Amino acid sequence: MSIIFIHQQGKVYKINYKTGESLLKILQDKDIVIAAPCGGKGTCGKCKLNVDGEGEVLACCYYPNTDIHVHLPDTQEAHILSSNLAKHEFKIEKQATYAFKEYGLAIDIGTTSVVFYWVNYLSGKIDRIQGIENPQVQFGADVITRINYCSKEESLLKLQMLIVGAINNEISEYLKEQPAVILKKISVAANTCMLHLLNGVNPMPMALAPFIPPFIHSKELVSSTLGIRTKNDVMIHLLPSASAFVGADIVAGISSLNPPENSKNYLFLDIGTNGEMAVVTPNKIYACATAAGPAFEGATIECGMGAFEGAISVYNKKGYQTIGNKLPIGICGSGLIDIMAYLLEEGHVGTDGNLNEDFILASTAESGSKHPVCITPRDIREVQLAKSAIFTGVKLLLQEANLSYEQLDSVYLAGGFGNYMNPDSALRIGLIPGSEKVPIVPVGNTSGAGAVLHVSNSKFTDKLEDTLAKMKIIDLSAHPDFELEFAMNMYF
């Protein structure tokens with residue numbers, strides 16, 4: 001049996017392995033997290049590792065057969081949007097009496113990130129917010145890749161154990177800091193696929209026509225049945241979804257909003273890995289999910305990355321800004337939109353999306369990765385596909401609601417990407433329609449807000465049910481205008 005010596009953060013440890021598997025599979029089987037947005041198909045180029053004597057290799061395509069030394073990147077903490085809820089106070093049911101240390105735990109499980117909110121039932125405030133990267137990312141950046149990974153029962157169990165383990169780690173860490181805390185309730189908002197994976201239910205039917213998930217209704221489960229470790233068994237509430245691709249995160253997000261009286265008709269837009277949206281009117285909610293793909297999460301972009309330190313997050317004529325003011329090592333979603341707007345404004349890219357050669361943002365000497373950070377012609381095409389999907393979805397939803405964009409009172413941008421995205425850049429590239437009359441309002445992590453409201457007040461369940469009753473799901477793939485609109489909206 002051969003040995004792999006793992007070098008990471010100044011430490012070295014070894015693992016034994018049998019030949020015949022890729023380096024990625026070997027490491028994943030040892031619970032070593034390696035980013036593989038394409039699911040190990042060799043197409044995204046994100047699982048690069050340094051092997052002594054070999055140089056940089058793609059872990060999914062490299063099959064070791066002897067003792068090797070592998071250098072893993074240092075672990076980083078994702079800059080995940082969560083602080084937008086920190087100043088909110090949530091109304092606790094007046095008829096209930098709470099002890100000093102009784103808490104509820106709200107969890108927002110995204111495809112890319114997971115955020116935990118500890119709600120103090122006595123004060124009605126959030127005492128702790130913790131965001132982490134979703135550990136399932138190593139098996140695919142998008143839901144379809146993860147669904148395909150679930151073709152084997154042991155793979156489904158693996159994904160379930162990863163998210164359950166992340167929840168157990170958070171509970172364990174907080175109870176170490178606050179041993180007197182009594183956890184009374186857990187509420188979970190997530191997209192439909194993530195809820196299935198947490199519950200250990202195979203989501204494969206979601207990826208096959210007619211795309212009907214095994215469940216979309218709310219569920220109440222005892223914590224121990226999922227393997228979630230608490231001092232005493234507590235009820236875990238999985239919030240309801242609307243369809244296979246309009247999940248509880250969107251239902252909870254819309255329900256959490258409290259728009260002003262003059263905002264009767266508005267667009268709710270969550271531009272993340274999946275690209276869900278809804279046109280909300282007083283009597284009806286028209287909702288859909290678009291095949292935006294993971295471009296804005298960095299998975300299909302040559303130098304794309306998540307919102308980690310060193311990611312270019314802002315770009316304009318003055319140059320770039322990175323998260324944490326570190327040397328640039330890649331580009332996150334908000335930076336990608338800014339860069340595209342700049343390239344269009346300066347004439348480097350035309351309305352057809354043509355870019356003659358790589359556009360260098362940071363040279364090898366300037367970067368923190370010893371590789372240039374750039375935008376490639378293929379990246380432009382990926383952005384065109386993603387932005388056309390979003391724009392087309394908005395246009396067809398407005399058509400279904402019999403509204404023009406100018407008739408909207410507001411546009412609410414939800415999620416981490418939407419919160420940090422420069423609206424002017426989004427308008428410049430045609431990601432969303434534009435009108436000076438319609439204000440664009442970032443509203444932060446509305447899925448997390450919905451989970452917090454659910455864990456802190458049972459009356460929020462009525463709001464969820466009201467949202468679902470008004471909701472009409474629009475299947476874009478079956479819409480007669482979709483293909484033509486998608487092709488036309490590819491232009492910047």
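**Figure 1. Salt bridge between Arg128 and Glu177 in the predicted model.** In this predicted model, the side chains of Arg128 and Glu177 form a salt bridge with an N to O distance of 3.4 Å. Arg128 belongs to strand β8 (residues 126-133) and Glu177 to helix α3 (residues 153-177), so the pair ties together parts that lie 49 residues apart in sequence. Arg128 is buried, its relative accessibility being 12%. The pair belongs to a network of salt bridges that links Arg128, Glu170, Glu173 and Glu177. In total, the structure holds 13 salt bridges.

**Figure 2. Salt bridge between Asp29 and Lys25 in helix α1.** The side chains of Lys25 and Asp29 meet at 2.8 Å, N to O. Both residues are in helix α1 (residues 23-29), and because they are four residues apart, about one helical turn separates them. Asp29 is partly exposed, with a relative accessible area of 46%. Lys25 is also partly exposed, at 33%. Side chains of opposite charge can pair when their charged atoms come close.

Figure 3. The closest N and O atoms of Glu382 and Arg378 are 3.9 Å apart, and the pair forms a salt bridge. Arg378 has a relative accessibility of 45% and counts as partly exposed.

Figure 4. Phe268 has Tyr412 in β20 as its bridge partner.

**Figure 5. Packing of helix α5 against helix α10.** Two packed helices are described by the angle between their axes and the distance between the axes. For α5 and α10 (residues 446-456), the angle is about 75° and the axes are 7 Å apart. Helix α5 is therefore roughly perpendicular to α10. On the α5 side, the contact involves Asp249, Ala252, Gly253 and Ser256. These residues meet Thr446, Ser447, Ala449, Gly450 and Leu453 in α10. By class, the contact has three nonpolar, five polar and one charged residues.

**Figure 6. Hairpin formed by strands β15 and β16.** Strands β15 (residues 311-316) and β16 (residues 319-322) run antiparallel and are joined by four bridges. The hairpin connects β15 to β16 through two residues. Tyr315 has Tyr320 in β16 as its bridge partner.

**Figure 7. Open sheet of five strands.** The strands follow the order β2-β1-β5-β3-β4, with mixed pairing. At the edges are β2 (11-17) and β4 (55-58); each has a single partner strand, so one side of each is left without a neighbour in the sheet. Neighbouring strands are turned by 35° against each other on average, direction ignored. Strand β1 (residues 2-8) runs antiparallel to β2, and seven bridges join the two. Ser2 stands opposite Tyr17 in β2.

Figure 8. Most residues other than glycine have a negative phi, and most peptide bonds are trans. The peptide bond from Ala209 to Pro210 is cis, with omega near 10°. Pro210 is in the loop between α4 (192-199) and β10 (219-222). Asp31 has a positive phi, near 60°. Its location is the loop between α1 and β3 (48-51), and Asp31 is exposed at 55% relative accessibility. Lys370, not a glycine either, has a positive phi of about 65°. Lys370 lies in the loop between β18 (359-362) and β19 (373-375). With a relative accessible area of 71%, Lys370 is exposed.

Conventions: Residues are numbered from 1 along each chain as its sequence is written. This is a predicted model: local features need pLDDT of at least 70, side-chain atom pairs count only at pLDDT 80 or more; totals for chains, interfaces and linings use all residues. Side-chain values use heavy atoms; hydrogens and water are left out. A salt bridge is a side-chain nitrogen of Lys or Arg within 4 Å of a carboxyl oxygen of Asp or Glu. Buried means under 20% relative accessible area, exposed over 50%, partly exposed in between (1.4 Å probe, protein chains only). Two strands pair if DSSP finds at least two bridges between them. Axes are lines fitted to C-alpha atoms, for helices over the stretch in contact, and angles run from 0 to 180 degrees between N-to-C directions. Angles under 35 degrees count as roughly parallel, over 145 as roughly antiparallel, 65 to 115 as roughly perpendicular and the rest as oblique. Contact means heavy atoms within 4.5 Å. Ala, Val, Leu, Ile, Met, Phe, Trp, Tyr, Cys and Pro count as nonpolar, Asp, Glu, Lys and Arg as charged, and the others, Gly among them, as polar.
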